[in-house]
Amino acid sequence: MQRRFRDKVTIALESHVAHLQTSIASVAHQERPEYLDRLSMLRNQVFVLDHMYVSLFSTLGWILRLAVTMALLASIHPALILLVVFAIPTVLTSTWRPAVERSAQERGAQTNRLARHLFTIATTAPPGKEVRVTGIGERLVTERRAAWERWYGPVAAARWGSAWWYALAWAIFGFAYVGAVVFVSSGLRAPASAVLLVLAAGARLSAYIGATVGEIGFLRGFWMDGSRRLAWLEDYAAAVAASGDLPVPGMLQRGIRFDHVSFAYPGTRVVLDDVSLTLPAGAVVAIVGENGAGKTTLVKLLAKMYEPSSGAIFVDDTPLARVPAGEWRARLAGAFQDFFRFEFRAGHTVGLGDVPRMDDQPAVAAAIDRAGAGDVVARLTLGLDTQLGPTWPGGVELSFGQWQKLALARGFMRDRPLLLVLYEPTAALDAETEHALFERYAAAARGGKSDSGRITILVSHRFSTVRMADLIVVLDGSRLVEVGTHEELMVKSGQYSELYGIQAAAYR
Ligand SMILES: Nc1ncnc2c1ncn2[C@@H]1O[C@H](COP(=O)(O)OP(=O)(O)OP(=O)(O)O)[C@@H](O)[C@H]1O
Ligand SMILES: [Mg+2]
């Protein structure tokens, strides 16, 4: 019963924590160290919960044994109950000890995370090739060891520091115990059986008190600390989620407008600086700019992963800040630069781009067709039923470009998005295929103008593709420097025409 109960509660609590984390609208808590450390402690504590229910039951057992022992002692002489008083210092020190230890652990949470990170790098497949080529294997091992020791040093010191007090408290009890035995044998001149009882019960008493106190200390630590952390996560989730009182427009009439939008990640310089811009409804908008110019950041703001530091984004006339993140994202589609390899059956890997239609074969097939990923699926032995990912039974590995095509197909699952993001979706494709694909998307986008006014955002470093866009937005060092059509920007002879010239010359 106990184990059943324990497993069920652990699963329920883990699900609750996972639910809280995924329900948080922003991704900040997954990118910022101060949140990550708290979360990793909380994850460990969810694991500790396993122990908690055993602890709850055994505490009751210990208390019962303690009471019986005390009753036995009192039956010889009521003064023997005083032994319990001498045990109070042990109670106090052992409730205090875990708290000291935990705070040392928390201070070192970051080094602990580093040690685990280095372990992952040294032992998992994705970094495996680079670890071998660079030959950093040995280094990873020593650095991991060093990080671990940096974490363990203060924790061990805290343990030792509190251990002295702990030992002192137990020494006091030990003297009292010896005193009790002397008192019963010489003072009371009690029969040998009574002395034996005190010897046995007294020794048991210390063990019972130790165990009771230890378990209570553990429970207390969990309630005070684990529940505080859980409460923090709940508050944080609620605070971030508590936004959005306006509905998402059914279709775009005018477009999406950036009104003096600036943004900085917590603790960084300004990454987008006073950007004012209109993305017209129905248009294909290309964003170009050097690495680090802020393209991904702009897309993250559009996807409501973050809110602007100042300024506002409007969807037609609705401020994006006041639209619920979930509803808005239901109208987004597309593929991100750092797409994820979902290792499911191929049909689901694509289908989860639109969860309600995940098992809708024609819809999945249409998305695969739109992304030009038909050749990938055709080569799978079981087609859409093929398990992806070599670590699963019967799972197959795909090439990078094949994964990317499936990610793109996933991005095309939604039929009527208001915003379609194509972020270097075809970096792994040859230029000709990319060109052909974009021509198809652009035609589809313009054709779709009449129904939802969908805006297609295209980020690419290939100007042959970019030039097909209706509007080209040039970012440079966090600022918006040029906006216009290919022809307009070429006439301007600014940054765009210069970059275009370089690429064109290289091909000539
Ligand atoms: N999560 C983050 N936390 C802090 N700073 C970030 C974060 N992501 C990006 N930055 C910083 O913001 C700036 C803009 O990054 P962004 O990813 O938007 O550039 P980008 O234009 O998409 O570049 P690329 O062409 O390489 O994809 C960079 O200087 C980067 O250092
Ligand atoms: Mg980027």
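Guide: The radius of gyration here is taken over C-alpha atoms, and the rule for a globule is 2.2 Å times the number of residues to the power 0.38. This is a predicted model.

Visitor: What radius of gyration does the chain have, and what would a compact globule of 508 residues have?
Guide: The chain has 32 Å, whereas a compact globule of 508 residues would have a value near 23 Å.

Visitor: And what does the C-alpha trace span along its principal axes?
Guide: The span is about 110 × 50 × 50 Å.

Visitor: How much of the chain is buried?
Guide: Buried residues account for 27% of the 508.

Visitor: How is the chain divided into domains?
Guide: Domain 1 covers 2-241, domain 2 covers 248-331 + 416-508, and domain 3 covers 338-415. Between the C-alpha centres of domain 2 and domain 3 there are 26 Å.

Visitor: How many helices and strands are there?
Guide: The chain has 18 helices and 10 strands.

Visitor: Take H4 and H7. How do their axes cross?
Guide: Helix H4 (residues 82-107) and helix H7 (residues 137-187) have axes that come within 9 Å and cross at roughly 175 degrees. Angles over 145 count as roughly antiparallel, so H4 and H7 are roughly antiparallel to each other.

Visitor: Which classes of residue make up that contact?
Guide: The contact of H4 with H7 has 19 nonpolar, 5 polar and 4 charged residues.

Visitor: Changing topic: what surrounds ligand 1?
Guide: There are 13 residues around ligand 1, and the closest are Tyr 265, Asn 291, Lys 295, Thr 296 and Thr 297. By class, 3 are nonpolar, 8 polar and 2 charged.

Visitor: Which helix gives the most to that shell?
Guide: Helix H9 (residues 295-302) does, with 3 residues.

Note on methods. Residues are numbered from 1 along each chain as its sequence is written. Chains are lettered from A and ligands numbered from 1 in the order in which they are written. This is a predicted model: local features need pLDDT of at least 70, side-chain atom pairs count only at pLDDT 80 or more; totals for chains, interfaces and linings use all residues. A residue is near a molecule or strand if its C-beta atom, placed from the backbone, lies within 6 Å of it. Helices (H or I, at least four residues) and strands (E, at least two) are DSSP runs, numbered from the N terminus. Ala, Val, Leu, Ile, Met, Phe, Trp, Tyr, Cys and Pro count as nonpolar, Asp, Glu, Lys and Arg as charged, and the others, Gly among them, as polar. Axes are lines fitted to C-alpha atoms, for helices over the stretch in contact, and angles run from 0 to 180 degrees between N-to-C directions. Angles under 35 degrees count as roughly parallel, over 145 as roughly antiparallel, 65 to 115 as roughly perpendicular and the rest as oblique. Domain bounds come from an automatic or database domain assignment. A residue is buried if 20 or more other C-beta atoms lie within 10 Å of its own, exposed if 12 or fewer, and partly exposed in between; C-beta atoms are placed from the backbone.
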